[in-house]
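Grab a pencil and work through these exercises with the model open beside you. Each task comes with a solution that goes step by step.

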Amino acid sequence: MSTVTWITARGLFGRRRFLLLLPLPALLLVLAILSRALGVDPGQWGPPVLVGLGLAVVLPVVALIVGTGVLGAEIDDGTVVHILTKPLPRWQIVLPKLVVAAGVSAVTVAVPLYVAGVLAHSVRLGLALAAASALGALAYSALFLALSLVTRRPVLLGLVYVLIWEGLLGRFVDGTKVLSIQQWVIALADRMAPTDLLATTVSVPVAAVLTGLVVVGFTVLAIDRLRSFSVAGETS
């Protein structure tokens, strides 16, 4: 597993795709620092920056770029053949890639969210946002990794989920919020650091249970799907 982890990390950091991760977290930091420096009321800039940008855009987009890239890029360019020819159970391929995807996504998002949370409210809120976003990164990564094995258009389907389901329907249709990873992250963060800057109708027990189900369910799906791949990298 350590070999697969190293290969995955080296491939991820060696691709230009990794550079796409930097602008959004940087924008989040810049907006938070400027708002604090200009003395803007946190009640005005906190929700749009922390939730509207950080949890609704930066977290899912970063996880989408990384999650679909750790295995999907190898399938596209054919290098997955080298891994599939190894005498490894498929779970020993999927799990290290999920760990790398979730870890990179979590660090990339949690650090600027922590800083923004501290500037907006307190260290406690910063830590809550960092911890909750790390859990969200794991759930998003499992979802997007599975999508990269299920379809040839994982980025497109991922954007449909993030922009249409979570962004559009989640904003106007309350019933869809219960199936929104974004809302689960908000619920968990608000439980760890209650504040008026965060608000959701999803309960913490529901958020915790569904997060666990998504991680386990889509990881199992990814493992099962990878078993159907032949050495040529095509599904049988």
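**Exercise 1: one alanine and its surroundings**

Ala 142 is buried, with a relative accessible area of 1% (buried means under 20%, exposed over 50%, partly exposed in between, with a 1.4 Å probe and protein chains only). Before going on, note that this is a predicted model, where local features need pLDDT of at least 70, side-chain atom pairs count only at pLDDT 80 or more, and totals for chains, interfaces and linings use all residues. Residues are numbered from 1 along each chain as its sequence is written, and side-chain values use heavy atoms, with hydrogens and water left out.

Task: find what Ala 142 is in contact with, leaving aside neighbours within four places in sequence.

Solution: 
- Step 1: Ala 142 lies in helix α7 (helices are DSSP runs of H or I, at least four residues, numbered from the N terminus).
- Step 2: list the partners. They are Leu 98, Val 214, Val 215, Phe 218 and Thr 219, where contact means heavy atoms within 4.5 Å.
- Step 3: The C-alpha atoms of Ala 142 and Phe 218 are 5.5 Å apart, although 76 residues separate them along the chain.
- Step 4: look across at α10, residues 204-227. Val 214, Val 215 and Thr 219 are among its buried residues.

**Exercise 2: the aromatic pair**

Task: work out how the rings of Tyr 140 and Phe 144 are arranged.

Solution: 
- Step 1: search the whole structure; one aromatic pair turns up (Phe, Tyr or Trp rings, using the six-membered ring of Trp, with centres within 6.5 Å; planes under 30 degrees apart count as stacked, over 60 as edge-to-face and the rest as tilted).
- Step 2: read the geometry. Tyr 140 and Phe 144 are stacked, at 5.7 Å centre to centre with 15° between the planes.
- Step 3: An α-helix has 3.6 residues a turn, so residues three or four places apart point the same way.
- Step 4: Tyr 140 and Phe 144 are both buried.

**Exercise 3: the core**

Task: which element gives the largest share of the largest nonpolar core?

Solution: 
- Step 1: size it up. The core has 65 residues, and Phe 144 is one of those with the most contacts inside it (buried Ala, Val, Leu, Ile, Met, Phe, Trp, Tyr and Cys joined through side-chain atoms within 4.5 Å).
- Step 2: find the top contributor. That's α7, with 14 residues.

Terms used:
Helix = DSSP H or I, 4+ residues; strand = E, 2+ residues; numbered from the N terminus. Expected span 1.5 Å × (residues − 1).
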